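Hi everyone, thanks for coming.

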Amino acid sequence: MVHEVALLESRTLRDSVAKRTEALDKVKALSLLPDGAHVTTQMVAKYFEVLETAVYSMVSDHREELEANGYRLATREEVTALKAGASVDRYTSKVGLFTRRTVLNVAMLLRDSVVARQVRTHLLDTEESRPSQPVDNFVHRLSSLLDEHITEVLDRRMATHADAHVAEIAEDICRTAIGHAVVPLLNTAVRNDGEHRDRIQALEGEVTHLRRVLREREAAGSMGALDAMNPRQFEQHIAWLCRRDGCDRVTVTGGHGDTGADIVAYTLDGRRIVVQCKSRNPGSVIASGDVQQFIGMARLEYNADIALLVATCPFTRDALLLAARHDVTAVHQGLLEAWNNGARLQVLNTAP
C-alpha cells in the first residue's frame, strides 16, 4: 500500500486523485461560503486546524498547482459581497478563494495537520480498495473488427462480381483495410511509444525520490541509521526534520567543505535559518574551530537569523560556550537524538 507521505512528494499522484473531494466529508464537514462553491483562507485554516500563516505559506510555495485546481483571488465585487455578509473582515482587501477541489489539494500538501493526514490516508485507502478495471485486448478487438469488415465487404463484392476471382477480391479488400485502418493505428502507436517511454522515465524518477523520502522517515528515531548515512544523505535527513517541524522553503545547498551552508530554510514568520551538518564518527568531537568557522559563514555570508550546527558527535566544552556566546544552536549528539525521536527544536518555533 502507498504511504500517505507519497502524496506530499508526488504531484503526479496528487493529480490522479484530485477529483475525489468526497474524502473531505469522510473526515470532517467542510463549511462553504453562501455561494455554495468556495471557502476562504480562514475557513481552510479552520478546517485543517492550523494557523492561517501555514495556509498562506503553502499557497506561496504551490500557487501554480493550486490555481490549476481552482484557487484564485476574489474580484473587488466579490470582496465587497463577502464583507457585507460578514464572511471576511471589513478591512480585508484581498481574499483567496478555494474550491472543494483546491481544499483537497491543500490536504495533499499540508504537512503539519492531523486532519490533512487523515484525508490523505482516506484517499489512499479508498484507491487501494477500488476494484481494478478490465483491460481491453486491443489486438483481439482489432482482429475481430477486421474479420467482420472483410467478411461484410467480400459478401457485397461477390454479389456484384460473380465472375471475379475470390482471391483477388479478398486481397484487394485486405490491402484497403490495412491501408485505411491498421497503418494509421501503427503510426499513432509509434508516436505514442516515445511519449510513454518519457512518462515511464519520469515516473521512475518520482519513485526513486519517494523511496528516499520514505527512508528518511524510517530513519527517524534511529541514531544508528543516522551514523550509517553518508554526508549527503545526512543533509537530506536534517532538511526533512526541518520540514517536519514547520520550516518553509527548505533547500539543501550542499556546502563546500566547512565554508558553506548545507541547508537554508525559513520559519513561517520569515526568519532565515542556516544549517551546517557534520556527519562524523561518534568518536569524534566538534571543536571551537568548527564553531568559529560556522559563525563567520552563517552571520556574515548568509545573514542568518537562526544558525544551527548539527553533528552526529559531541561538542567540546569550549565549542559549546563559543556557540552560546554567538547565539548558535549546537545540535550535538544528544540533542540530535531527541530531535530525531520527535522532539521539536525550540529555536525553530515560529514566534519571534
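I'll begin with the chain as a whole and then turn to the helix pair.

This is a predicted model, where local features need pLDDT of at least 70, side-chain atom pairs count only at pLDDT 80 or more, and totals for chains, interfaces and linings use all residues. Residues are numbered from 1 along each chain as its sequence is written, and side-chain values use heavy atoms, leaving out hydrogens and water.

The protein chain has 16 helices and eight strands; these are DSSP runs numbered from the N terminus, helices being H or I with at least four residues and strands E with at least two. Of its 352 residues, 38% are buried, meaning under 20% relative accessible area with a 1.4 Å probe, protein chains only.

Now to helix H13, residues 231-244. Ten of its 14 residues are buried, so H13 is largely enclosed by the rest of the structure. Among the buried ones are Glu235, Gln236 and Trp240.

How does H13 pack with H16, residues 333-340? The angle is about 60°, and the axes, lines fitted to C-alpha atoms over the stretch in contact, with angles from 0 to 180 degrees between N-to-C directions, lie 11 Å apart.

Conventions: Buried means under 20% relative accessible area, exposed over 50%, partly exposed in between (1.4 Å probe, protein chains only).
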